Amino acid sequence: MKITLLTVLLTGVAASPSGHGGDTFSSVVNALRKLLPNWGGSSNNYGPITEQILQSYVEPINEQVLRNSYVLRKGSELQLGGKRWTSSGANVYWLGLDENVIPPAGQPFYAPTNASYPTHGRITEIMNTLVTMGAHTIRSQTLGVSTGNPLSLEPDLNVFNEAAFDTIDWTVFQARQHGIRIFAPLVDNYDYYHGGKFNFLRWRGINISSTTSAPQDPLVQQFYTNRTIVNDFKSYIHHLLTHVNPYTGLSYAEDPTIIAYETGNELGGPIFGDKDVPVAWTQEICDYVKKLGPKKLCIDGTYGVNATHLSIPSVDIYDDHFYPLNITKLQEGIDLVGSVDKVYFAGEYDWTGRITSAPTLQAFYDVIEARQALAKPVVAGDLFWSLFMHNVPDCQHFVNHTDTFTLQYGNPLNTALNNTQISTIRQHFFKMQGLNVSSYLPAVACPGKLADLTYSPGVLDFDVDA
């Protein structure tokens with residue numbers, strides 16, 4: 001009789017009444033016991049199965065069940081598998097679509113914005129790096145914002161480019177394989193290469209633009225208030241969240257790897273920092289995200305905590321960005337969000353330590369770490385801006401970005417200050433997991449041309465003689 005190991009494992013999981021936790025693992029062990037006693041006998045070529053060997057089967061299943069479990073909010077903390085979970089990590093904005101590398105001739109490239117798709121190798125190396133750094137989470141604009149140029153998911157109104165999903169699919173799959181979680185903004189406040197609210201405005205005849213913090217045309221508020229434009233945006237969200245990833249067989253709405261969607265990146269009104277994002281719009285977008293993905297968390301993408309948004313039932317998380325680091329603003333944001341028993345992120349911050357008048361990175365982290373000892377931590381994590389690694393498959397050269405906040409882990413050209421700050425970040429990420437590590441920075445292997453030679457669905461589903 002032929003039987004697949006995968007079938008046995010799935011049968012064990014399906015037999016569990018809860019679908020997760022100890023019942024699942026007991027069911028899997030029982031299913032394995034039914035299969036494995038026949039191994040190691042004189043009639044086959046398999047070694048004996050001991051309790052220790054059996055445990056080596058169960059432990060990876062335990063981890064995979066957790067990776068396929070949703071991160072949930074319980075009051076002012078996030079939980080995974082019924083335990084508190086923290087979300088520290090990195091902004092890696094370019095994972096879906098990049099602007100920093102000119103690809104080889106013949107590869108997709110849009111010269112006016114320097115847009116190209118990152119290689120699978122670059123994405124895989126990022127995952128390896130974040131695991132080494134102790135990170136739990138990635139925030140990435142281009143996994144959620146992709147409009148307005150030929151390589152985008154939606155190049156033009158109601159015109160969709162399915163090829164744009166390839167790098168997003170690979171990122172989500174690789175994040176799952178590495179135990180990393182993702183959240184992504186759905187639109188950008190600025191008119192950047194990857195798109196944003198100005199695309200939706202121009203598609204409906206409102207021809208304005210802005211890539212800076214200068215005052216904007218008041219017509220920009222039409223993005224939030226014009227019913228046709230709001231519906232256009234929701235149509236985009238629907239196309240994104242209902243896409244089925246071929247590596248997992250799950251839609252983005254279903255996949256627990258994507259813990260949340262953020263209504264946008266640094267959203268506001270005509271004046272930079274005005275937080276002028278209507279309550280009704282924020283609630284409608286969060287409600288819609290949760291309609292498509294009932295287990296998804298929703299993050300208010302307003303730049304800063306808008307007190308008028310705190311009562312929106314479908315918003316789980318509020319965040320702010322820190323350029324430069326500001327402990328007073330951090331504490332005020334935590335207190336404000338804590339007053340309604342919800343969760344707070346430091347969603348971006350300057351990690352570099354160049355501004356000597358600002359608080360130190362460790363002082364900033366001290367506030368976040370101290371909160372983890374409380375029954376209601378409120379702040380669940382922080383994400384530095386921003387991570388780049390090699391131009392894989394080229395493992396000799398690091399990719400550079402021009403905003404002066406680029407973190408390149410392991411770059412031999414890093415200054416002593418760079419490496420001190422990176423070491424501080426790594427120690428903080430592990431401390432957020434309840435672990436202490438030294439200041440040592442372990443090396444991360446560059447995958448080179450082997451990035452695609454990782455586990456793929458079906459590889460472990462082999463036939464055995466029972």
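Reply: Helices (H or I, at least four residues) and strands (E, at least two) are DSSP runs, numbered from the N terminus. This is a predicted model, where local features need pLDDT of at least 70 and side-chain atom pairs count only at pLDDT 80 or more, while totals for chains, interfaces and linings use all residues. Residues are numbered from 1 along each chain as its sequence is written, and side-chain values use heavy atoms, leaving out hydrogens and water.

Me: How many helices and strands are there in the protein?

Reply: The protein has 12 helices and 17 strands.

Me: What makes Lys234 count as buried or exposed?

Reply: Buried means under 20% relative accessible area, exposed over 50%, and partly exposed in between (1.4 Å probe, protein chains only). Lys234 has a relative accessible area of 18%, so Lys234 is buried. You'll find Lys234 in helix α8 (residues 227–241), and Lys234 touches Glu284, Ile285 and Tyr288, not counting residues up to four places away in sequence. Across the protein, 55% of the 466 residues count as buried.

Me: How do you know whether the length of helix α12 agrees with its 16 residues?

Reply: The expected span is 1.5 Å times one less than the number of residues. For α12 (residues 416–431) that gives 22 Å, and the end C-alpha atoms are 22 Å apart, so the two agree. Buried residues in α12 include Ile422, Phe429 and Phe430. The buried residues of α12 pack against β5, α4, β13, α11 and β14.

Me: Why are α11 and α12 called roughly parallel?

Reply: Axes are lines fitted to C-alpha atoms, for helices over the stretch in contact, and angles run from 0 to 180 degrees between N-to-C directions. Angles under 35 degrees count as roughly parallel, over 145 as roughly antiparallel, 65 to 115 as roughly perpendicular and the rest as oblique. The axes of α11 and α12 come within 10 Å and cross at roughly 5°. That makes α11 roughly parallel to α12. Among the residues that meet are Leu361 and Tyr365 in α11, and Gln421 and His428 in α12.

Me: What about α4 and α5?

Reply: Their axes come within 10 Å and cross at roughly 30°, so α4 and α5 are roughly parallel too. Residues that meet there include His120 and Met127 in α4, and Trp170 and His178 in α5.

Notes: Contact = heavy atoms within 4.5 Å.
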